[in-house]
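Here is a short briefing to read alongside the model you have open. Please keep the viewer handy and follow the topics in turn.

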Amino acid sequence: MGQSMVAITEPDCTGCDLCIPHCPFEALLPLASNPDSRTHKKRPIVVVASQCVGCLSCIGSCPTGALFEVKVPFDASQSTLLLMPQPPETEPVNRWKKGGIGWA
Ligand code: SF4
Ligand code: SF4
């Protein structure tokens, strides 16, 4: 766990998927389904908090500026990002196997 993590401003995420290959730790994944409350047609990307090491490789990859840095408190167990009750259900993304999208 680094000193930072990233979070996503969900209404600003169009679901374009451009950020996914910028995360070497597979922490950016598509939500399994599009919430009813959402205005965009495509499901958003979510940060899988347990996978994010705060490298910030992804931060400049979002064309809408939906990704932002969150400072992790000295006592990381107090981070609101880590206090999520349950990780969201996400779609698998082929990164490293044959035909995968690799690393941007
Ligand atoms: S690049 Fe930005 S808008 Fe596109 S999926 Fe990632 S967070 Fe959403
Ligand atoms: S900060 Fe690093 S580990 Fe976290 S989502 Fe972005 S690229 Fe992945």
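Of the 104 residues of the protein chain, 37% are buried, where buried means under 20% relative accessible area, exposed means over 50%, and partly exposed lies in between (1.4 Å probe, protein chains only). This is a predicted model, in which local features need pLDDT of at least 70 and side-chain atom pairs count only at pLDDT 80 or more, while totals for chains, interfaces and linings use all residues; side-chain values use heavy atoms, with hydrogens and water left out. Residues are numbered from 1 along each chain as its sequence is written, and chains are lettered from A and ligands numbered from 1 in the order in which they are written.

**Fold and surface**

- The protein chain has 0 helices and 4 strands; helices (H or I, at least four residues) and strands (E, at least two) are DSSP runs, numbered from the N terminus.
- Read from the N terminus, the order of elements is β-β-β-β.
- Among contacts (heavy atoms within 4.5 Å) with a separation of 6 or more in the protein chain, 73% join residues 24 or more positions apart.

- Which residues are around ligand 1? They are Cys13, Thr14, Gly15, Cys16, Asp17, Cys19, Ile45, Cys62, Pro63 and Thr64, where a residue counts as near if one of its heavy atoms lies within 4 Å of the molecule.
- The shell of ligand 1 holds 6 nonpolar, 3 polar and 1 charged residues; Ala, Val, Leu, Ile, Met, Phe, Trp, Tyr, Cys and Pro count as nonpolar, Asp, Glu, Lys and Arg as charged, and the others, Gly among them, as polar.
- Ligand 1 takes up the largest cavity; on a 1 Å grid over the protein atoms alone, a cavity is a set of points where a 1.4 Å probe fits but cannot get out.
- Ligand 2 sits in the second largest cavity, and sitting in a cavity requires more than half of a molecule's atoms to lie within 2 Å of its grid points.
- Ligand 2 has 14 residues around it, of which Cys23, Cys52, Cys55, Leu56 and Cys58 come nearest.
- By class, the shell of ligand 2 comprises 11 nonpolar, 3 polar and no charged residues.

**Positive phi angles**

- Glutamate 26 is not a glycine, yet has a positive phi of about 55°.
- Glutamate 26 belongs to the loop between strand E1 (4-8) and strand E2 (28-30), and with a relative accessible area of 28% is partly exposed.
- Leucine 56, also not a glycine, shows a positive phi of about 65°.
- Leucine 56 lies in the loop between strand E3 (45-47) and strand E4 (67-71); its relative accessibility of 26% makes it partly exposed.

- Phenylalanine 25 is in the loop between E1 and E2 and is partly exposed at 37% relative accessibility.
- Phenylalanine 25 is 78 residues from tryptophan 103 in sequence, but their C-alpha atoms are 9.8 Å apart.
- Leaving out residues up to four places away in sequence, phenylalanine 25 touches Gln51, Val53 and Cys55.
- Is arginine 38 buried or exposed? At 10% relative accessibility, arginine 38 counts as buried, and its place is in the loop between E2 and E3.
- Arginine 38 and proline 11 are 27 residues apart in sequence, with a C-alpha to C-alpha distance of 7.5 Å.
- Beyond residues up to four places away in sequence, arginine 38 touches Glu10, Cys13, Thr14, Gly15, Arg43 and Pro44.

Conventions. 1 Å grid on protein atoms, 1.4 Å probe; cavity = no way out; pocket = protein on both sides within 12 Å on 5 of 7 lines; lining within 4 Å.
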